[in-house]
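Reader: Could you walk me through this model and tell me what stands behind each label you use?

Author: Gladly; here it is, and then ask away.

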Amino acid sequence: DGDTYWTTAKIYNATDPADHWKSYSPGRPSVHQDFQTLASSFGVWILIENASCLGDGYIKVQGYAPETTEIRLVNGWNLVGYPSESSSLASLTLPSQADTVSVWQASSPYISDRLPSAVTMTPGGGYWVHAISDCIWSVGYYE
């Protein structure tokens with residue numbers, strides 16, 4: 001409904017060694033926008049500079065729910081979304097090459113590394129996933 005005011009959205013592209021971080025800021029000249037399209041596989045960092053601008057705390061994303069999303073994980077860290085309508089234990093959905101999942105926490109250091117067996121992935125959530133080798137993660141939306 002547009003009542004949550006954010007100033008910058010960032011994604012992490014592990015496949016671009018020259019510049020992993022891509023960003024979009026409303027009102028910034030297009031020449032400085034290197035992230036313009038959102039995909040269901042992305043995990044997104046969103047900057048809300050002032051808690052009073054949080055509104056209802058939701059940001060509406062429009063589009064169609066894919067039946068299956070294939071997410072390319074590269075060797076190392078990957079910032080990904082979880083495009084499913086139901087929660088799942090990370091160890092049951094991630095490929096075997098994923099050995100660590102990092103999740104946000106409200107207190108410092110704000111991120112916590114965990115084994116996949118200790119993380120429940122929730123619909124629309126974003127996660128840092130560490131993979132020991134390149135692989136494809138296939139996520140079914142209706143699983």
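Reader: What volume does the largest pocket have?

Author: The largest pocket has a volume of about 1,600 Å³. A pocket here is found on a 1 Å grid over the protein atoms alone, as an open set of points with protein on both sides within 12 Å along at least five of seven lines; lining residues have an atom within 4 Å of a point. Grid points are joined across faces, edges and corners, and the volume is the space filled by probe spheres set on the points. Before we go on, a word on the source: this is a predicted model, in which local features need pLDDT of at least 70 and side-chain atom pairs count only at pLDDT 80 or more, while totals for chains, interfaces and linings use all residues. Residues are numbered from 1 along each chain as its sequence is written, and side-chain values use heavy atoms, with hydrogens and water left out.

Reader: Which residues lie nearest the centre of the largest pocket, and which elements give two or more residues to its lining?

Author: Of the 46 residues that line the largest pocket, Phe 42, Gly 43, Val 44, Ile 46 and Gly 124 lie nearest its centre. Two or more lining residues come from each of strand S3 (45–47), S5, strand S7 (98–104) and strand S10 (126–131). Strands are DSSP runs of E with at least two residues, numbered from the N terminus.

Reader: How does the lining of the largest pocket divide by class?

Author: There are 30 nonpolar, 14 polar and 2 charged residues in that lining. Ala, Val, Leu, Ile, Met, Phe, Trp, Tyr, Cys and Pro count as nonpolar, Asp, Glu, Lys and Arg as charged, and the others, Gly among them, as polar.

Reader: And what about the second largest pocket, what is its volume?

Author: Its volume is about 270 Å³. It is lined by 13 residues, and Tyr 12, Asn 13, Phe 42, Arg 72 and Leu 79 are the closest to its centre. Strand S1 (8–12), strand S4 (68–73) and S5 each supply at least two lining residues, and S5 gives the most, with 3 residues. By class, this lining has 8 nonpolar, 4 polar and 1 charged.

Reader: Why is the pair of Tyr 12 and Trp 21 called edge-to-face?

Author: The structure holds 7 aromatic pairs. In this one the ring centres of Tyr 12 and Trp 21 are 5.1 Å apart and the planes stand at 70°, so the pair is edge-to-face. The rule is that rings of Phe, Tyr and Trp (its six-membered ring) pair if their centres lie within 6.5 Å, with planes under 30 degrees apart counted as stacked, over 60 as edge-to-face and the rest as tilted. Tyr 12 and Trp 21 also form one aromatic cluster with Trp 128.

Reader: What makes Trp 21 partly exposed?

Author: Its relative accessible area is 33%. Buried means under 20%, exposed over 50% and partly exposed in between (1.4 Å probe, protein chains only), so the value falls in the middle class.

Reader: How do you know that Asn 78 is buried?

Author: Asn 78 has a relative accessible area of 4%, so it counts as buried. Asn 78 sits in strand S5 (residues 76–81). Leaving aside neighbours within four places in sequence, its contacts (heavy atoms within 4.5 Å) include Ala 14, Arg 72 and Trp 128.

Reader: Which backbone atoms lie 2.9 Å and 3.1 Å from a polar atom of the side chain of Asn 78?

Author: The backbone nitrogen of Val 74 lies at 2.9 Å, and the backbone oxygen of Gly 76 at 3.1 Å. A polar contact is a pair of N or O atoms within 3.5 Å; within protein, one must be able to donate a hydrogen and the other to accept it, and residues adjacent in sequence count only if both atoms are side-chain atoms.

Reader: Why does Ser 84 count as buried?

Author: Ser 84 has 3% relative accessibility, so it counts as buried, although it lies in the loop between S5 and strand S6 (88–89). Its side chain reaches the backbone nitrogen of Ser 86 at 3.3 Å, and the backbone oxygen of Tyr 141 lies 3.4 Å from a polar atom of that side chain.

Terms used
Helices (H or I, at least four residues) and strands (E, at least two) are DSSP runs, numbered from the N terminus. On a 1 Å grid over the protein atoms alone, a cavity is a set of points where a 1.4 Å probe fits but cannot get out, and a pocket is an open set with protein on both sides within 12 Å along at least five of seven lines; lining residues have an atom within 4 Å of a point.
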